[in-house]
Amino acid sequence: YSIDVLVRRRSAAGSAEWAVEVGGKTHFLADGRTPSGSTLLKRKQLGLLGYTVVPVPLWEWDALRSENAKRNYLDDKLGGVQLQVQGYQPHQNQQQQQQQQP
């Protein structure tokens, strides 16, 4: 399977991994809100592999209008895990990010 975003936390107390799955229209039945059989199977199998699956329905994500709202949403979904994204600067354009790379 592919995972949209993999979040890992390692500490002296142990490690944890979250599989964040952004769900678009192909992940749901015709009503647009009920997960499809293949989506449910994927979630179950990822769970059996030790991942905590965090579904992010696209309609919920698209309703968030600010970066702060999106960050709070992910914080709630991930149970307070502090996110640090390597190499990502949300307020820089792509050219500025490329200039910073070695």
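These are my notebook entries from a first look through this structure, which is a predicted model.

**Entry 1: the overall layout**

I started with the chain as a whole. I found four helices and three strands, and I read their order along the sequence as β-β-α-β-α-α-α. Next I looked up burial: of the 102 residues in the chain, 21% are buried. I also checked contacts with a separation of 6 or more, and 42% of them come from residues 24 or more positions apart.

**Entry 2: the sheet**

In what order do the strands lie in the sheet? I noted E1-E2-E3, in an open sheet of three strands with mixed pairing. Strand E1 (5-11) and E3 are the edge strands; each has a single partner strand, so one side of each lacks a neighbour in the sheet. From one strand to the next, the twist averages 20°.

I then followed E1 and E2, which pair in the antiparallel sense over seven bridges. As an example to find by eye, I picked Val 5, whose bridge partner in E2 is Val 20. Helix H1 (residues 37-48) packs on this sheet and touches E2 and E3. I wrote down its direction too: about 150° with that of E3.

**Entry 3: the nonpolar core**

Which residues form the largest nonpolar core? I listed nine: Val 7, Trp 18, Val 20, Val 54, Val 56, Leu 64, Tyr 73, Leu 74 and Leu 78. Strand E2 (14-23), strand E3 (52-57) and H3 each give at least two residues to this core.

**Entry 4: aromatic rings**

I looked for aromatic pairs and found two in the structure. I took a closer look at Trp 61 and Tyr 73.

Are they buried or exposed? Trp 61 is partly exposed, with a relative accessible area of 24%, while Tyr 73 is buried, at 14%.

**Entry 5: a charge over a ring**

My last stop was Trp 59. Arg 33 lies over the face of its ring, at 4.0 Å from the ring centre.

Note on methods:
Residues numbered from 1 in each chain as written. Predicted model: local features only at pLDDT ≥ 70, side-chain atom pairs only at ≥ 80, totals over all residues. Heavy atoms only, no water. Phe/Tyr/Trp six-rings, centres within 6.5 Å; stacked < 30°, edge-to-face > 60°. Buried < 20%, exposed > 50% of the residue type's maximum accessible area, 1.4 Å probe, protein only. Lys NZ or Arg CZ within 6 Å of the ring centre and 35° of its normal. Core = buried A, V, L, I, M, F, W, Y, C linked by side-chain atoms within 4.5 Å. Pairing = 2+ DSSP bridges. Axes fitted to C-alpha atoms, helices over the stretch in contact; angles between N-to-C directions. Contact = heavy atoms within 4.5 Å.
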